[in-house]
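Please open the model in your viewer and keep the sequence panel at hand.

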Amino acid sequence: MKNLWAPWRIKYIEESYLVKNKSKHTGCFLCVKKSKTADEKNLILKRGRYGFVIMNHYPYNAGHLMIAPYRHIGDLEKIRPAEASELFLLVQQSIVALKKAYHPDAFNIGMNLGIVAGAGVPGHLHIHLIPRWSGDTNFMPIVAETKVINEELKVMYHKLKKHLR
Ligand SMILES: [Zn+2]
């Protein structure tokens, strides 16, 4: 499992390095993507008032989405009630869209708070939403980021977008 061909990871590693080596959140990819207008190019599926849904450009599994607040905050306790409820609503809406478009059997939902916990962007928290299909893989290879993606991101984007207006 460990040596699966996964060229997109290289870009992720390079970008993570850049993020870590830039000061403040100018290098935060979530802040960069949210401030641009080309949502399709940036794979932003939905924008709410306080947060947005974006496809993971380097997914652990097909349909891997991230739900993040617009504010650059790393601590969950600093999220305001209005932001928290909208983020949860966006998770629900994303689940509905994934179910309609791809009929997954299950979901993994989680957050990595802090570098030690595996956060790629420790300064800007985000909720991972990962659809699962029976027999796709167990959770460990997902954590190890070695799953090969079976559908092009752009194709998925348009399919999911139809259900996430
Ligand atoms: Zn940010």
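A residue is called buried if 20 or more other C-beta atoms lie within 10 Å of its own, exposed if 12 or fewer do, and partly exposed in between, with C-beta atoms placed from the backbone. By that count, 22% of the protein's 165 residues are buried. Bear in mind that this is a predicted model: local features need pLDDT of at least 70, side-chain atom pairs count only at pLDDT 80 or more, and totals for chains, interfaces and linings use all residues. Numbering starts from 1 along each chain as its sequence is written.

Now colour by secondary structure. Helices (H or I, at least four residues) and strands (E, at least two) are DSSP runs, numbered from the N terminus.

Next, select the strands. Together the five form an open sheet, ordered S1-S2-S3-S5-S4 with antiparallel pairing; two strands pair if DSSP finds at least two bridges between them. S1 and S4 (106–110) are the edges, each with a single partner strand, so one side of each has no neighbour in the sheet.

S1 (residues 44–47) and S2 (residues 51–55) run antiparallel and share three bridges, and a hairpin of three residues connects S1 to S2. Click Arg47: opposite it, in S2, is Phe52.
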